[in-house]
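Work through the exercises below with the model open. Try each task before reading its solution.

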Amino acid sequence: MSHEDFPTEKPAVVTCGLPYANGDLHIGHLRTYVGGDIYSRSLRTLGQKTAFVSGSDMHGTPVAVNAEKEGVTPEEFALRHHEKYEATFPRFNIEFDNYGHTHDETNTELTQEIVRTLEAEGYVYEKEIPVAYDPDADQWLPDRFVEGACPYCGAHARGDECDEGCGRHLEPGEIEAPTSTLTGNPAEYRERKHKFFAVSDLQDYLQEFIDRLEGTSNARNQPREWIEGELQDWCITRDMDWGIDYPGEEGDDLVLYVWVDAPIEYVSSTKQYTERVGADTFDWEAAWKDAGVSESDAGSEARRTESGGDIVHIIGRDIIQHHTVFWPAMLRGAGYVEPRAVMASGFITLNGKGFSTSRNRAVWADEYLDEGFHPDLLRYYLATNGGFQQDVDFSWSKFRDRVNSELVGTVGNFLYRSMLFAYRNFEGTPDAAVSEEVETRIEEAIDEFEAGINDYSVRKSGNAAVRLAQFGNEYIQRNEPWKLTDEDPEAAAQVIRDCVQIAKAIAVLFFPVAPGKMQALWEQLGEDGSVTDTGVDDAFEAPPATFGEPEALFEKIEAERVEELNEKLEARVAETESESDESDEDAEENMDADTDSDIDFEPIADDRISFEDFQDLDLRVGEIVAAEGIDGADKLAKLTVDIGVEERQIVAGIKQLHDLDSLSGSKVIIVANLEQAELFGVESDGMLLAAGDEADLLTTHGDAVPGTKVQ
Ligand SMILES: [Zn+2]
């Protein structure tokens with residue numbers, strides 16, 4: 001890949017997928033926003049000039065449909081949700097530099113300008129297409145106003161998206177057996193002229209783009225199938241009045257499709273930030289446009305990688321296609337900078353099942369705070385519980401485990417004991433130089449932090465500080481300063497001096513994950529100002545010579561609390577279920593992580609097998625040594641697995657489902673005596689066991705070594 005490591009000299013823009021102004025936020029929704037906030041704070045800590053922006057997605061049919069149900073205007077309806085989101089994010093320490101919305105003047109103007117540019121560059125054409133129409137309601141039926149069957153997989157689908165089946169974006173006219181959601185009647189298809197964006201003209205460009213794209217492997221790999229296949233042009237207009245008017249066709253009830261103006265809000269929001277703070281602080285044009293490059297350079301390779309800023313999009317994995325195909329095509333066509341990286345997060349389940357807003361099966365954002373939990377605890381859980389692209393399960397008991405063992409037991413314990421010791425014996429930072437061992441360990445922690453950012457892993461960058469605290473605990477234990485205070489006060493001073501420096505380094509490196517708690521630590525260390533303004537070099541600066549008595553930063557969550565919270569949740573779900581026999585469909589769009597996975601399990605096989613038959617399988621514990629995608633194969637990866645007696649090469653269909661770079665070191669279970677096979681020209685000697693469509697890899701609970709037989 002052709003990008004320089006972070007920090008670079010360029011301005012960076014970190015964006016979060018726009019929440020759709022149509023519902024309440026639950027903690028599952030917060031994952032991408034927490035991830036974005038941590039990522040942008042971390043970039044700044046590394047010294048990168050960074051803007052962190054987002055805004056509410058106000059347009060589209062779900063807002064129009066629900067506003068109509070409530071008898072209010074779409075604008076009123078969407079603004080109400082927008083204001084709620086804007087107020088909720090800061091309560092979780094998610095602090096955007098600018099948070100706008102797609103219906104404001106900046107975005108309306110910029111959207112129309114970009115569409116005009118695409119027209120002028122010859123990327124827009126008009127075509128007559130069949131559009132669903134409800135003759136009883138005398139109305140066109142864009143997107144969510146129509147339902148039917150997906151033409152690709154047959155699943156029940158909404159007008160613009162096969163949300164229950166293959167997940168494809170659907171163009172107007174594609175849905176089969178259409179029915180109107182207004183009247184429930186079958187819809188007719190009528191011919192109507194619409195505007196199209198010629199995405200197919202940019203196919204060659206997109207193929208190069210996807211090779212350059214960084215981020216999580218799902219976002220880099222999944223689009224290949226779409227880009228390399230037949231690339232469909234994209235209908236960018238809709239017959240309705242809620243949205244941004246197609247430029248030049250104002251008052252014609254022809255608006256731009258919501259997916260045109262929604263991502264443009266990333267640019268508009270950055271522009272509003274510049275308007276507020278001035279271009280010297282952050283120049284939106286330097287970040288998003290190719291300033292200073294003449295038209296004649298427009299096609300050159302250098303233009304794309306060397307000018308403009310570093311744009312990082314952080315999204316849910318259900319909108320990868322929009323961000324890796326349509327959006328870069330639009331940016332390219334209009335002369336803007338392409339994204340450097342896309343990080344696509346997995347979904348969140350609650351006690352192993354999907355969140356369901358209609359069944360009230362959720363932990364709501366407000367509810368979490370009302371229960372008295374600090375936002376940083378949830379931030380830590382969401383950011384470090386799994387790789388960013390993996391699905392993460394939330395349960396109150398898992399939450400308690402992570403808080404008690406890591407935040408209280410490791411981080412809090414180290415900070416409290418070392419600072420209390422320093423306060424009682426030295427009234428602050430002892431007068432000594434930091435030992436070489438500790439200085440080196442802090443350097444390592446900074447390297448891990450930096451590597452996490454360059455690997456687009458907030459888990460890795462977040463864990464750097466936790467691992468440093470772990471080291472701190474071992475260091476105190478090993479050096480036993482409490483024995484030294486009388487015998488050898490100088491040696492005691494040395495140990496405590498080291499520990500105070502580790503505490504300060506933790507404040508700097510853990511601040512992106514836990515900004516509130518680390519600000520408190522900063523103040524306990526006697527430091528002035530805000531930890532926000534620090535960089536990694538501050539991890540080596542001595543804290544003030546005196547500071548006060550510390551207080552514990554993290555508190556244990558009791559088991560009874562968890563029981564109480566689980567009972568509350570169950571009672572609420574039961575109540576909601578008894579209230580409504582039919583479950584309303586969750587009308588949420590792009591921010592929606594509700595997969596409502598009441599999975600249809602396959603029935604248990606009728607035929608029983610003998611124990612001897614089972615024993616014929618030679619199952620072994622293995623450890624992944626290396627994993628790489630197989631070129632040309634969408635799904636296959638080549639793994640090297642250590643099974644104790646030897647290393648095996650195994651081909652597995654996990655390329656798009658796992659972050660291959662992070663797999664090495666993982667314990668897996670393999671069938672060691674499966675006959676050898678050749679897949680895509682690569683020999684496979686054994687089989688990896690995995691559960692379900694997402695290929696959840698089987699592993700061991702204890703520490704069985706590679707080669708151990710599974711029985
Ligand atoms: Zn489908």
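**Exercise 1. Sort the lining of the second largest cavity by residue class, then locate it.**

Solution. The lining of the second largest cavity divides into 8 nonpolar, 4 polar and 4 charged residues. Here Ala, Val, Leu, Ile, Met, Phe, Trp, Tyr, Cys and Pro count as nonpolar, Asp, Glu, Lys and Arg as charged, and the others, Gly among them, as polar. This is a predicted model: local features need pLDDT of at least 70, side-chain atom pairs count only at pLDDT 80 or more, and totals for chains, interfaces and linings use all residues. Residues are numbered from 1 along each chain as its sequence is written, and side-chain values use heavy atoms, with hydrogens and water left out.

Next, the volume. The second largest cavity has about 130 Å³. Of its 16 lining residues, Val131, Leu141, Pro142, Asp143 and Pro172 are the closest to its centre. A cavity is a set of points on a 1 Å grid over the protein atoms alone where a 1.4 Å probe fits but cannot get out; lining residues have an atom within 4 Å of a point.

Last, the strands (DSSP E runs of at least two residues, numbered from the N terminus). Strand 4 (124-134), strand 9 (188-197) and strand 12 (237-239) each supply at least two lining residues. Strand 12 gives the largest share, 3 residues.

**Exercise 2. Which residues coordinate the zinc ion, and why is the arrangement tetrahedral?**

Solution. Start with the donors (N, O and S atoms within 2.8 Å of the metal, or 3.2 Å for Na, K and Ca). They are the SG atoms of Cys150, Cys153, Cys162 and Cys166, at 2.3 Å. Their sequence spacing is C-x2-C-x8-C-x3-C.

Then check the angles. The 4 donor atoms subtend 101 to 117° at the zinc ion, so the arrangement is tetrahedral; four donors qualify if all angles lie between 85 and 135 degrees. The ideal angle for four tetrahedral donors is 109.5 degrees.

Now accessibility. Cys150 counts as buried because its relative accessibility is 2%. Cys153, at 39%, counts as partly exposed. The cut-offs: buried is under 20% relative accessible area, exposed over 50%, partly exposed in between (1.4 Å probe, protein chains only).

**Exercise 3. Which residues are the bridge partners of Glu147?**

Solution. Take strand 8 (residues 176-180) first. It pairs with strand 6 (residues 146-149) in the antiparallel sense over 3 bridges; pairing needs at least two DSSP bridges. Thr179 is the partner of Glu147 there.

Strand 7 (residues 156-158) also pairs antiparallel with strand 6, over 3 bridges. In strand 7 the partner of Glu147 is Arg158. Strands 6 and 7 form a hairpin with 6 residues between them, and Gly154 in the turn has a positive phi of about 85°.

Terms used:
Four donors count as tetrahedral if all angles lie between 85 and 135 degrees; four count as square planar and six as octahedral if opposite donors are over 155 degrees apart and all others between 65 and 115; anything else is irregular. On a 1 Å grid over the protein atoms alone, a cavity is a set of points where a 1.4 Å probe fits but cannot get out, and a pocket is an open set with protein on both sides within 12 Å along at least five of seven lines; lining residues have an atom within 4 Å of a point. Grid points are joined across faces, edges and corners, and a volume is the space filled by probe spheres set on the points. Helices (H or I, at least four residues) and strands (E, at least two) are DSSP runs, numbered from the N terminus.
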